[in-house]
Protein chains: 2
Amino acid sequence: MPGPARDTRSSVKLSDVAAAAGVAPMTVSRVINTPDRVSPHTAARVRAAIEKLGYVPNMVAGGLSSRRSRMVAAIVPTIAHPMFAEMVQHFTDTMRGAGYQVMLSLSGYGDFGELDLVRGLLARRPDAMLVTGADHAAPLRQMLTEAGIPVVEIWDVSPQPVDMLVGLDHVQAGAAVGAFFLAKGIREFAAFAASDARAQARRRGFTDAVRQAGGTVLADPVLPAPSTITAGRQAMGALAAALTCRTGLFCSSDMLAFGAITEARMRGIDVPSQLSVCGFGNFELGATNEPPFTTVSVEGAEIGRTAAGFLLRRLSGAPARDDDRVHVPFRIVERAST
Amino acid sequence: MPGPARDTRSSVKLSDVAAAAGVAPMTVSRVINTPDRVSPHTAARVRAAIEKLGYVPNMVAGGLSSRRSRMVAAIVPTIAHPMFAEMVQHFTDTMRGAGYQVMLSLSGYGDFGELDLVRGLLARRPDAMLVTGADHAAPLRQMLTEAGIPVVEIWDVSPQPVDMLVGLDHVQAGAAVGAFFLAKGIREFAAFAASDARAQARRRGFTDAVRQAGGTVLADPVLPAPSTITAGRQAMGALAAALTCRTGLFCSSDMLAFGAITEARMRGIDVPSQLSVCGFGNFELGATNEPPFTTVSVEGAEIGRTAAGFLLRRLSGAPARDDDRVHVPFRIVERAST
DNA sequence: GTGAAAGCGCTAACAG
DNA sequence: CTGTTAGCGCTTTCAC
C-alpha cells in the first residue's frame, strides 16, 4: 500500500471539506468547478467549510482524473529579449485570464536538447503548447504531433507547421528594409546580424534584396546571439574604415543598432547623412535615443495574444481551421536615423 | 466509471511498456526512476520498449502517487526588468539541472490578487516556491507556511521571513549612494524613483542619508513602475530649471538614469560637472553609454542561483539552517557620470 | 532483482 | 440538484 505522506503538508482534502459541510465529495467538486450546478444554499455551506479549513484543491489529482491539467507549456529561447518578454507577458496574461497556468521554459539559443525539454514538458501533460520557431527536427515534430494537443508555433514561418502558427517572415522583413534603403537612393550597404536562425534570415532577406538591385554589401558579420550593445559598437568600429559614400546599415536587433549609432557618434560619423541605420524590434531604446532611430516594429504583445487566442479556441473544442495559421505583420517605423 | 479519454492523446502508458518488455509495471517505473536497482539486461529491454512505443511518462500520475511534483513555482513581478530576467534565467537553469521544472508566474506591479495567484500555484502542488518580496500580508504568509514546502523570498529583506531569504537591503543601497555623493562634496540632490515598494525604499535610504548630512533634496518625484527611459527624460526635463550648483541625482533604475542623461545632454547640462548621476541595476545600457554611467550593481544571476541552491538543499532533505537567510551584496560601479 | 496489491485525491458517468 | 461507483496512471510497501 502507499506509504505515509512524505510530509504533513496541507492534508486537508476534498473529502474533509465534504465531511465538514455534510455533503458528498462530488458536491464539493461541483462547487469548485461548476458552481451553477449546485444550489446556492449548499454552495454557501461548502464554501464556508473550504474557507474554514483553508482547503487548497489538488489539481494534480484533479488533472489525473479529468485528463485536463489546465496548464499550457511555452518554450521561448530567452526572456532577455524585450520582444519575447512582451510576448510571454501577454501570452501568460491571456491564458491566465482563461484559467490556464503557463509553464515557461527557456531553451537558450542553440537548440541543444530541445527534444528532451519538450519530452519533459509533455510528461506534465499540458493541455496545449507554444513553441518558438517552426523549423523542427523530425523527432520533435513527431513528438509534438503525437501528444495530441493543440500546438502553436510562433516567431517563424514554415510551409509545414505542426499545427497552428503565428509567424513572422523574417526574410521578407529583411527584404523590406533593403527596399526601404534602395528607395532612398542608397547603394552601399552593411548588415550586422546575430547568429541565430531568425536573425540570419533577416540578414539574408536584406542582402539578397540589395544585391539584386545592384547594391554593394560592404560587410555582413555574424555576431553572437543574443545581441548586445557592445557587439554593435565593435562591429561598427570594424566597419568604420570601409565607409566611403552613404551606407545603409541594417541591424538584426535594436541592441546592435544602438551600439552602432553610439560608436558612429564617437567616431564622428554622421547619422543619417553618412550612415543610415535601421534596427529591428522597436525597443524603447531606439525611440528615445538621440537621434531616435528607424526600426522594424513587430508587435510582441499581439503575437502573444493571438497565439493564446488560437490555443484557447481549440481548447474550447473548436476544430482546426485554415485561418489559424497567420503571418504577423511588421512595419518599418521611420525615424531620424535614416 | 470514468469516461472515455477526452481524446486519444498518447495513450501509451507504463503498463503498455511493461507488457511490451515482458516485465511488471513496477520494473518499468524503476528503470525510469532508479535505474541502478534494475539489472542492466532488464533495463535494456525496457528501454528498447520505451523507445519503440514512444512512451512519455505521466508525471501527473506519478506526482499524485509519490506526492512529489518535481516542479517549483516562482513568482516575479515582471521579466521586462533585466535584473529579474537574469535572475529567472539562472534560477530555472539551476533548477532544471537538478531535475525540477520551474513554473513561472508574473504578478505585475501592484500585488493585486497575489493571494489567488499563490493559491492557484499551490493547487499544482509544487515541491518548493520562490516569491519576490518579503513583506507579505498575513493570509499569504499563512498559506505559504501551511503549504509545508520550502519557500525562498528574494529581492527584499524582512525581519521575519516566511522561511528562507535571499534579500537585498534597498534602504541601505540608497544610503550608500547618498554617502558616495556626499564623499564627492556634493550637497544638492535629486532622486527619481518608481512607485514600487523596493524603488521607494532605495529612494528613502538615499534622501534620508543626504538630508541627515545637511544636504538639500531639490526633487524626488515618484514615477510609474516599471521604469522607462521616457519617464527618466521627462523627470529630467522637469528638474532642469531647478539646478543651480552641482547636483547628485540617484535614479531607482538604470532606465531612468539613461533617460535623464540623454535629456541632460539635449539640454546642454554637463554630466558629471553640473549633474552627477547614479543609476541602479547595472544594465548593459549604462556601461556602453557615452558617457558610461555610475550605477549600483546587484548580481541577479547570483540571487537566482543562490535561491535555487537553498531550495535544492532543502529538497534533498537538509533541515532549516541559520545561514539560509542571506543578504546579497551590492556595489557601486563608478563610471564617468559621477 | 522483481512482482503484486493498494491506493494518491480527484472527477466522469450514471442513478436517483 | 445530489450522491454513488469506478477508476485516471503511477509509486509505495511488502513479499518473494
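Before reading off any strand partners, I noted the rules: strands (E, at least two residues) and helices (H or I, at least four) are DSSP runs numbered from the N terminus, and two strands pair if DSSP finds at least two bridges between them. This is a predicted model, where local features need pLDDT of at least 70, side-chain atom pairs count only at pLDDT 80 or more, and totals for chains, interfaces and linings use all residues. Residues are numbered from 1 along each chain as its sequence is written, with chains lettered from A and ligands numbered from 1 in the order in which they are written.

**Entry 1: the sheet.** I started at I75(B) and found it opposite S105(B) in β2(B). Strand β1 (residues 71–76) of chain B is joined to β2(B) by six bridges, and the two run parallel. Then I traced the whole open sheet in chain B: six strands, ordered β2-β1-β3-β4-β5-β12, with parallel pairing. At the edges are β2 (101–106) and β12 (325–327) of chain B, each with a single partner strand, so one side of each has no neighbour in the sheet.

**Entry 2: a helix pair.** Next I checked α8 (residues 170–183) and α9 (residues 197–212) of chain B, whose axes come within 6 Å and cross at roughly 40 degrees. Axes here are lines fitted to C-alpha atoms, for helices over the stretch in contact, and angles run from 0 to 180 degrees between N-to-C directions. α8(B) and α9(B) are therefore oblique to each other (under 35 degrees would be roughly parallel, over 145 roughly antiparallel, 65 to 115 roughly perpendicular, and the rest is oblique).

**Entry 3: chain B against chain A.** How many residues of chain B are in contact with chain A? I got 53 residues of chain B touching 53 of chain A, contact meaning that C-beta atoms, placed from the backbone, lie within 7 Å. α4(B) gives the most to that side of chain B, with six residues.

How are the copies related?

Conventions: Two residues are in contact if their C-beta atoms, placed from the backbone, lie within 7 Å.
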